[in-house]
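Here is a short report on one protein chain and its ligand. Keep the structure in view as you read.

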Amino acid sequence: MQGQIVKILSNLYFVNVNGKVYDCHSRGKFRNENITPTVGDYVNVDIENKYIMDILPRMNTLIRPFVSNIDQGLIVTSVKKPDFSTNLLDKLLVVMEYNNIKPIICLTKFDLLDKKEKKEINKYIKYYKKLGYKVFINNKLFQIKKIFKGKTTVFTGQTGAGKSTLLNKLDSRLNLETGEISIALGRGKHTTRHVELIELFKGKLLDTPGFSSIDFSDLSNDNIKNSFIEFRKYNCKFSDCSHTNEKECEVIKATKKDELLAERHGNYLKFLQRK
Ligand SMILES: Nc1nc2c(ncn2[C@@H]2O[C@H](COP(=O)(O)OP(=O)(O)OP(=O)(O)O)[C@@H](O)[C@H]2O)c(=O)[nH]1
Ligand SMILES: [Mg+2]
Ligand SMILES: [Zn+2]
């Protein structure tokens with residue numbers, strides 16, 4: 001029988017087969033082959049003995065969170081507590097672009113901003129929208145609900161950003177655990193401890209544990225460059241221009257003219273140094 005892994009708790013794999021969930025073990029052969037089953041994997045299962053027999057070919061796999069077969073990523077980003085960071089947002093955008101996952105931005109905790117701070121954040125919203133990314137505020141539930149139909153969407157973002165809170169607001173029956181963040185540190189503690197696939201709004205939604213840093217050491221410099229989508233429209237003198245210090249670089253010129261957000265280009269330079 002074919003099914004999909006919806007949750008993993010230590011060495012137990014919860015597999016949904018035609019709407020019924022079975023707790024299965026994985027076969028030793030995966031370990032030998034160095035394959036680790038992830039949430040989102042389609043698998044062949046031996047229901048009688050509750051064993052995962054094969055993992056079907058994946059469309060894609062993310063390392064952090066460790067999930068497979070994802071269409072789109074809802075990048076949940078707080079504007080305060082933890083403070084808004086273009087660095088983290090751009091990192092997630094790069095990872096999504098690289099893995100052919102459609103990124104969608106969802107900002108949380110707008111209610112904690114004063115007027116001046118809101119204005120500042122609006123500048124970024126405008127920029128990311130101009131790039132073609134959808135940007136939602138987490139109170140626009142009616143609009144957010146529409147994006148899930150027929151898609152597998154991973155909720156990703158920093159710990160304490162409000163991923164589980166948003167899911168609970170989308171459907172109060174979920175009753176997912178959410179956590180107060182430490183005010184003293186302005187940092188979150190991990191509340192969600194495992195990935196869970198939830199069927200909702202005719203789509204599949206994955207709540208995941210947050211993180212405080214992402215490393216993309218497996219991406220080459222070119223992978224990173226190509227994931228900054230606004231760079232694509234510039235024709236630099238040299239087609240292999242790295243957009244770092246070349247004299248005739250159109251990307252650098254555009255940044256100086258404020259056509260390109262200086263922080264985006266700054267993040268690009270940092271990412272090349274894997275920072
Ligand atoms: N003021 C305010 N607080 C929010 C908002 N969204 C979430 N929170 C609070 O932020 C804290 C963290 O929310 P969670 O939903 O647990 O965050 P998470 O992203 O799921 O965190 P992890 O599971 O650790 O990755 C909770 O105390 C929420 O009540 C918001 O829009 N405004
Ligand atoms: Mg959570
Ligand atoms: Zn260039």
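## The ligand shell

Helix α5 (residues 163-170) gives the largest share of the shell around ligand 1, with 3 residues. Helices here are DSSP runs of H or I with at least four residues, strands are runs of E with at least two, and both are numbered from the N terminus. In all, 22 residues surround ligand 1. The closest are Gly162, Thr165, Thr178, Thr192 and Gly210. A residue counts as near if its C-beta atom, placed from the backbone, lies within 6 Å of the molecule.

By class, the shell around ligand 1 holds 4 nonpolar, 14 polar and 4 charged residues. Nonpolar means Ala, Val, Leu, Ile, Met, Phe, Trp, Tyr, Cys and Pro; charged means Asp, Glu, Lys and Arg; the others, Gly among them, are polar.

## Source and numbering

This is a predicted model, in which local features need pLDDT of at least 70, side-chain atom pairs count only at pLDDT 80 or more, and totals for chains, interfaces and linings use all residues. Residues are numbered from 1 along each chain as its sequence is written, while chains are lettered from A and ligands numbered from 1 in the order in which they are written.

## The whole chain

The chain has 8 helices and 13 strands. Its radius of gyration, taken over C-alpha atoms, is 20 Å, close to the 19 Å that the globule rule gives for 275 residues, so the chain is as compact as a globular protein of that length. The globule rule is 2.2 Å times the number of residues to the power 0.38.

## Two packed helices

Helix α2 (residues 86-98) packs against helix α8 (residues 262-272) at about 70°, with the axes 10 Å apart. Axes are lines fitted to C-alpha atoms over the stretch in contact, and angles run from 0 to 180 degrees between N-to-C directions. That angle makes α2 roughly perpendicular to α8 (65 to 115 degrees).

From α2, the contact uses Thr86, Asn87, Asp90 and Val94; from α8, Glu263, Arg264, Asn267 and Phe271. Contact means C-beta atoms, placed from the backbone, within 7 Å.

## Backbone exceptions

Most residues other than glycine have a negative phi, and most peptide bonds are trans. The bond from Arg64 to Pro65 is cis, with omega near -5°. Pro65 sits in the loop between β6 (61-62) and β7 (67-68). Lys81 and Pro82 are also joined by a cis peptide bond, with omega about -5°. Asn34 has a positive phi, near 65°.

Conventions: Angles under 35 degrees count as roughly parallel, over 145 as roughly antiparallel, 65 to 115 as roughly perpendicular and the rest as oblique. Two residues are in contact if their C-beta atoms, placed from the backbone, lie within 7 Å.
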